[in-house]
Amino acid sequence: MRGTPGFLNDLQRQLEKTPLEILEAVNRVGGLEIRDLMDFLTSPKDYTVDLPYQVEDNVVLDNLKISIDAFWKGKDSLLKGETVHCIVVDDNTFESMPNSSVTLLEMQLMKVSWVKHVWLLVSPTNSGKASKLAADVGKNVTIIENYQSFCLTPDNRLHTPSGQPVLQSCGHGDLINSMIHSGLLEESIKNGIKHVIVCEGDNVLGCGHPVIVGQHILSQKPITVEVTKRKQGDQQGILCEHAGFNQVVEKFRLSSQTDPNDYDLISTGTIVFDTQLDFSNIKWKWHRTRSIHEGSIVSQYTRTLNDLTAHFQAQFIETPRYYCYMTLKDYRSSK
């Protein structure tokens, strides 16, 4: 008979001592509720991808060969408000640009100042800071708050460096459920919003690509993903064929037998989806990832929007890297 995992009693005692407001923050409907977290810890799920196939050459569209009509179609949709521009905000987005007092988030907001509707997906702890920066550049935005879950120690206890559990955001895969359970999705559809383009805020070149939106609309595909050539050290998901779908798979999911260098294209973190898709059947994958919090190794569970490419038919548009993808670290080293 299988015994109780050694960490479980300690974890339960920690949870019993956790303040109610923290427990309620974690147990938001649509997020990773505590009961689900306990299930993952006692019965881990394996989402490893082993030796996925290369995609066929005809799967990927060349951005430079897309009709100019797509550009104007996308720009018109963003101007009129049929398409929302959503920026995923993380800690890097609050850092200043080289030799400037302007933060990366402020720069991104200025780049999309002409867009009618701009949303920011941001951690609850940073929502006030993000709102202030948006106000400083004169841009009205809608704040969408990430879900939160516990940071864990490597041996599955709560990470409590100051006596209280540390919470972390659950990733940009939170966007869909945050829209649904806040009522924002239903309200947006009623107001004529048909599409959302999501860009990662820490990609210096990530905001303001009307041609991606326009090609998405003209193709009538449910999902559109921008990809670009991979470079050594990239952490973005790779484009491959897995489980019968051409999709983006996170680098950390690849098996030890799979070399990411064998795959030519990575996601830039820019994805477009239709608001009227049926999201109810998506089974979001919760991935256990590692990071450093104040010098300590911690684990947390996150989900990503890449699951959309595993559920809906997606088109992939390859854009030259110098137009579409550069991390803040790369940008600083180029100066």
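There are 13 salt bridges in this structure, a salt bridge being a side-chain nitrogen of Lys or Arg within 4 Å of a carboxyl oxygen of Asp or Glu. Side chains of opposite charge can pair when their charged atoms come close. Keep in mind that this is a predicted model, where local features need pLDDT of at least 70, side-chain atom pairs count only at pLDDT 80 or more, and totals for chains, interfaces and linings use all residues. Residues are numbered from 1 along each chain as its sequence is written, and side-chain values use heavy atoms, with hydrogens and water left out.

**Salt bridges**

- Let's start with Arg332 and Glu95, whose side chains meet in a salt bridge at 2.9 Å, N to O. This pair links distant parts of the chain, 237 residues apart: Arg332 is in helix H12 (residues 328-333), and Glu95 is in the loop between strand S2 (83-88) and helix H5 (104-111). Helices (H or I, at least four residues) and strands (E, at least two) are DSSP runs, numbered from the N terminus.
- Arg332 counts as partly exposed at 36% relative accessibility, and Glu95 is partly exposed too, at 31%. Here, buried means under 20% relative accessible area, exposed means over 50%, and partly exposed is in between (1.4 Å probe, protein chains only).
- Next up, Arg303 forms a salt bridge with Asp174, with the closest N and O atoms 2.8 Å apart. These two are 129 residues apart, with Arg303 in the loop between strand S13 (296-302) and helix H10 (307-311) and Asp174 in helix H7 (residues 174-182).
- Arg303 is buried, at 2% relative accessibility, and Asp174 is buried at 0%.
- Lys229 pairs up with Glu318 in a salt bridge, and their closest N and O atoms are 2.6 Å apart. Lys229 sits in strand S8 (residues 223-229) and Glu318 in strand S14 (residues 314-318), so the pair ties together parts that are 89 residues apart in sequence.
- Lys229 is partly exposed, at 44% relative accessibility, and Glu318 is partly exposed, at 22%.
- There's also a network of salt bridges, and it links Asp10, Arg13, Asp155 and Arg157.

**A nonpolar patch on the surface**

- Leu64, Tyr322 and Tyr323 form a nonpolar surface patch with about 390 Å² of accessible area together. Patches are made of residues with over 30% relative accessible area and no salt bridge, with like charges joined within 9 Å and nonpolar side chains (Val, Leu, Ile, Met, Phe, Trp, Tyr) within 5 Å. The areas come from the Shrake-Rupley method with a 1.4 Å probe, and for residues only the protein chains shown count as cover.
- Leu64 is in the loop between strand S1 (60-62) and helix H4 (68-80), and Leu64 is exposed, with a relative accessible area of 55%.

**The second largest pocket**

- About 270 Å³ of space lies in this pocket. On a 1 Å grid over the protein atoms alone, a cavity is a set of points where a 1.4 Å probe fits but cannot get out, while a pocket is an open set with protein on both sides within 12 Å along at least five of seven lines; lining residues have an atom within 4 Å of a point. Grid points are joined across faces, edges and corners, and a volume is the space filled by probe spheres set on the points.
- The lining of the second largest pocket has 14 residues, and Lys45, Asp46, Tyr47, His287 and Arg288 lie nearest its centre. Helix H3 (34-42) and strand S12 (287-293) are the elements that give two or more residues to this lining.
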